Structure formats: C-alpha cells, structure tokens
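Open your viewer and get ready to click through a few stops. At each one, select the residues named and look around them.

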Amino acid sequence: MPLKKRLFADSRSMRPTRPLRPVVCAVALIAATWAAAVSAQNFPITPGQRATATQVAQTGVPLSELAPNAPDSYTIKRGDTLWAIAGIFLKTPWRWPELWGMNLDDIKNPHRIYPGQVLYLDKSSGRARLTTRAPGGGDTETVRVSPRTRYESLGDSAIPPVNLQAIESFLTEPLIVDEATFSRAPRIVATQENRVLLSRGDRAYARAQYIDGPATEPLSVVDGKSTQYRVFRNATPLRDPTTKQLLGYEAQYVGKASVVTGETTRPGRDSDGKAVTELVPASIDIVAAKEEMRIGDRLLPEPPRELTNFVPRAPEGIHTGQIVSVYGNAVNFAGQNQVVTINRGKEHGIERGHVLALQRESNLITDSTDTARPELRLPGERNGLMMVFRTFDKVSYALILQITDGVKVGDRFTNP
C-alpha cells in the first residue's frame, strides 16, 4: 500500500487540534525525508541538453518545427511518456530537450511532469513555447479555501521519458561478457540430496577456484554479510553480421544466489590414510529464480543498478551499424517495444539515450529496362527508430520505439 499522509485542521482556528499534533509532526517528518530522497536523485541531464533547453526557453521554437497537428493544449494522462508528448508537439520526438526548454520556466525538472497537468501551446510571439498557464489568462485568481481532510500519495507518479516497463528487466538481467570472464566465473558444483534442478529457497554449493584454472578469488562472506550473485546459464556468442567478429557473449539470466559460507580448504585423509587437503565449496542459497537452476550454471557479481531515467536524443557524431540479435527465444523479427542488440557500444561512442534510425534492408534487382541487365542495389528506406538504453564495450541493447516493418538480424541503422 502506498504511503499516504492525512492532514487535519480546526475550521475555526486553522490550526491542528491538540490531540493530533504528534500525528502531524510525524507525517511532516516522513514527507521531509521523502522529499529529500527525491531531490537527491541524479537525473541524467547533460550540460549540453541543459544549455539547449535554456536557449529555447529564451527564444522559443520556430513554428516550422511544430508537428502539423500540434494541439493548443494537452492534458497529461497516466501512461504518457515524454517521448510521446514530444511527438505530439514537435516533428522529431528525439528533440526532447526542446520540449523541456519550452517548459523551463514552469517545470524545473524534466522528470517531474505529472498526470493531470495541462500543457498550453503559446504561439503569440511568432515562436512556439509550452507553458502550464493558459496564454492570456493573466494572474491567477485568489480563491478562498476551507480546510478539509486530504489524502496525498507520496509515490512518484511522474511520467517517464520512454516506456520503462519494456526495458526494466533488461537493465540488470542480460549480461554481455567476454569469454575469459565467463570461463572464470564460479560454478554451481553440487546440490543437496542430489537434486537435478534448483529453485527459490534451495541450498546448493559452488566454487570459484579450480586446480587447472587461473588464480581467482574464492567465494566468501564479506564482513559477516552474504555476498550477492546473479546466476547465468551458458552464454550465447554474439557476432557481427558482416565481419563475423566475436563481439561478446550474452549470458542467460536464471536467478540470484546468496553466499552463506565461504569457499575454503581443510586437512583430511584419503582412502589410503594419506594426508590430503580437502576442498570445501561455498554454501549458497537460491534467493530468486526466473528459471530452474542446475549444476554447471555460473555466478557473476551483482551489478550496480543503473538509473532508469533516459533522455532520448540524437547522437552528436555519425553512427552506423547493424542489428546483431533480437532478444528472446526463437524470435526472428522485432516489433515495437521489443529489444535488439546492435554491434556498436561504448568503444564506438554509443551512449544511453541515443536515438538511431532503422533502415529497411535494400534489395538487389535486375534492371530490365537496360539491355545489359545490370544488377541494382536499391537504397535502404527508413523503417523506424530505436533508443539505446544499455551499453557494453562492443555491443548495446536498444528499444524499438517506432517501426514500420519488422526488424531482423543484419538490418542497418544510422543517425535519425
């Protein structure tokens, strides 16, 4: 149940009644704590985007940049995204900083636009601006109010830049690793009672140090606290569609495990009575399971959680590349709100929030109008837009924002 606060007031004195002062003080403390937490969030607004917004706030947007059917006003509703609202008012949705700049006087934080707010389009000066106050409305009227009980949710209902539900699981679940990292990852080596499959609540055993492997740190409990790991299945190689270069391995996320006791050794004796060093694997508890786990599955450290706020924008440089894979089992084509992997990453200057244009595959045809019958390569046509939301060294994940036809492996992309 979301946290709510309830305010009471005496209608004669406009002051809280005496018996309720402790309640009001407690609520005020909770509200202040929540507000501080909200203000402390680090939203990914770059200096360049802020400068663009400031400039637009001063000059407005040329009327020629408005969408053909841009409305005079729009009431924000639940389920809206900043991307969608930008597309309502502007021709190019990735020009999101302009939308913010048009609101800069009224909306200080672009991630704090809420359902129920009304945006008005002001074209009175020959330039377009958005405001939360109706043009020509003048000063707001003084209204006399009476005290009453009010319920107010403390949850954050601000609309997101894009559809976050479509990518929420991808922010932490799939993981791109190189072959060396995956081969050195700790493994589940045994189960209780010789179980074949593991699920949430089961105990298992794992180890990181192998006799014939490279030197690695053992699984351990740090400062008396359990160490958290993500459990992955055998990784799928990702190769460039054209060069066939190995770009990395996509590890299949199957669950989470917590190290209960560390990996160690102890003195012992073999069947002949000779002194030996016994290997004692770490004990782990399965704390979450997307799929049933088994012996041989790998453990990788819990990654830091990334911010879930994005600023869709066009890249500054020129970027071209291809689709490497469509995420999902036995999926050949990607539609809107599906995720694809591309063959460009941090090494190529790709950043979270970059919007890229998808190109329909060009066809090779024979020119029947020419007696020589030459083969012609038709130019690729624009097929839609996608936004990068997670980057690795050589590959990135992108969300399909708009699409005309299905996207498949090998399709190309370029700047929007």
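Start by selecting Arg233, which counts as buried because its relative accessibility is 9%. Buried means under 20% relative accessible area, exposed means over 50%, and partly exposed is in between (1.4 Å probe, protein chains only). The model is predicted, so local features need pLDDT of at least 70 and side-chain atom pairs count only at pLDDT 80 or more, while totals for chains, interfaces and linings use all residues. Residues are numbered from 1 along each chain as its sequence is written, and side-chain values use heavy atoms, with hydrogens and water left out.

**Around Arg233**

Arg233 is part of strand β10; strands (E, at least two residues) are DSSP runs, numbered from the N terminus.

**Aromatic rings**

How many aromatic pairs does a search of the whole structure find? There are 3. Rings of Phe, Tyr and Trp (its six-membered ring) pair if their centres lie within 6.5 Å; planes under 30 degrees apart count as stacked, over 60 as edge-to-face and the rest as tilted.

Select Phe232 and Tyr253, an edge-to-face pair with 6.0 Å from centre to centre and 70 degrees between the planes. Phe232 lies in strand β10 (residues 227-239) and Tyr253 in strand β11 (residues 246-261), so this pair ties together parts that are 21 residues apart in sequence. Phe232 counts as buried, at 1% relative accessibility, and Tyr253 is buried too, at 8%.

Next, go to Phe392 and Tyr397. Their ring centres are 6.0 Å apart and their planes are at 85 degrees, so the pair is edge-to-face. Phe392 is buried at 12% relative accessibility, and Tyr397 is buried at 1%.

**Last stop**

Finish with Leu376 in strand β21 (residues 375-377). Is Leu376 buried or partly exposed? Leu376 counts as partly exposed because its relative accessibility is 34%.

Note on methods: Helix = DSSP H or I, 4+ residues; strand = E, 2+ residues; numbered from the N terminus.
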